[in-house]
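Visitor: I have a model to look through. Please walk me through its helices.

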Amino acid sequence: MDSSDLKITTETLEDYLKYMGENDCEKSSIESYRVVLKKFYDFLPEEKIITADTAGRWQQFLLDQGYASRTVIHRIHVINGFLKFLDRRQWQFDNTIVPQDSIQPELTRNEYLRLLQTAKALNKERTYIIIKSICCMGLKVTELSQVTVEAVHNGQVIITQHDRTKRTVVIPKALKDELLDYAGRNGITKGSIFVTKKGKPMNRSNIWHDIQLVCAEAHVPEEKANPRCLWKLYQSTYEGIEHNISILVTQAYDRMLENEELTIGWNM
């Protein structure tokens, strides 16, 4: 640990929030800051040390996760304020350089299959099943915790946010069987399937790190080593199938009209 590095505790976070309250910060803003600081704290390594490049690394992590530029800028703004409170202004990050529409590289279907094959070869079943769940169901990382044993038995995941139903995701049969088999062999009989060895829900950092390791071994470009690229592959695959189906429907309709013209057309 460098002498300039700084160890952060939950008490440090609370001290900052208390400071904000004493300086007329609105209660709603303080609660918003609390959420951001908790996510930042979870992102930090196990020893909870921040260094000169921590804010920059966190921004890149947020972009890799697919967060909107506006969200990334807000979160960096909160952390910059926290760094000012810690008298580490020199560590603040320039959030004006966040790309407004950062283009995420496209993961190909072959690269996705290579990820699955590599995860199997490395015996990383949890990573394998996470990659497959994101890409087969179009789930966001924050939604993986809602894939429960009960939901898999029902064949669908009801995605909720702030106690409101967003959408219902049907679990493909092949994936359903694999999820139940994985849960059974790991003693997961209820609740979320994607948990740590201690039974706690996996966070973004855990998932991102696991996928990154498999990507490296599978020789998939590092910039594609994130859940966002998996989600985008689901989207593009689904849209491609829908497009092909729409072409077939149009062709079938044209053939039907041509046959009708041959039998009852005006000039027939």
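Guide: One term comes up at once: exposed means over 50% relative accessible area, and buried means under 20%. Keep in mind that this model is predicted.

Visitor: Which exposed residues does the face of H1 turned away from its buried side carry?
Guide: The buried residues of H1 are Thr-12, Leu-13, Tyr-16, Leu-17 and Met-20. Seen down the axis, they fall within an arc of 135°, so they line one face of the helix. The face turned away from that buried side carries Glu-11, Lys-18 and Glu-22.

Visitor: Which helices do the buried residues of H1 pack against?
Guide: An α-helix has 3.6 residues a turn, so residues three or four places apart point the same way. Tyr-16 and Met-20 are among the buried residues of H1. The buried residues pack against H2 (27-43) and H4 (69-85).

Visitor: How far does H1 reach from its first C-alpha to its last?
Guide: H1 spans residues 10-22, which is 13 residues. At 1.5 Å a residue, 18 Å is expected. The model comes close to that, at 19 Å.

Visitor: Are H5 and H6 roughly parallel or antiparallel to each other?
Guide: H5 covers residues 109-121 and H6 covers 125-137. Their axes lie 9 Å apart, at an angle of about 155°. Angles over 145 degrees count as roughly antiparallel. H5 and H6 are therefore roughly antiparallel.

Visitor: How many residues of the contact of H5 with H6 are charged?
Guide: H5 contributes residues including Arg-109 and Lys-120, and H6 contributes residues including Lys-132. Eight residues of the contact are nonpolar and no residues are polar. The charged residues number three.

Note on methods
Residues numbered from 1 in each chain as written. Predicted model: local features only at pLDDT ≥ 70, side-chain atom pairs only at ≥ 80, totals over all residues. Heavy atoms only, no water. Axes fitted to C-alpha atoms, helices over the stretch in contact; angles between N-to-C directions. Helix = DSSP H or I, 4+ residues; strand = E, 2+ residues; numbered from the N terminus. Parallel < 35°, antiparallel > 145°, perpendicular 65-115°, else oblique. Contact = heavy atoms within 4.5 Å. Nonpolar A, V, L, I, M, F, W, Y, C, P; charged D, E, K, R; others polar. Expected span 1.5 Å × (residues − 1). Buried < 20%, exposed > 50% of the residue type's maximum accessible area, 1.4 Å probe, protein only. Arc of directions from axis to C-beta.
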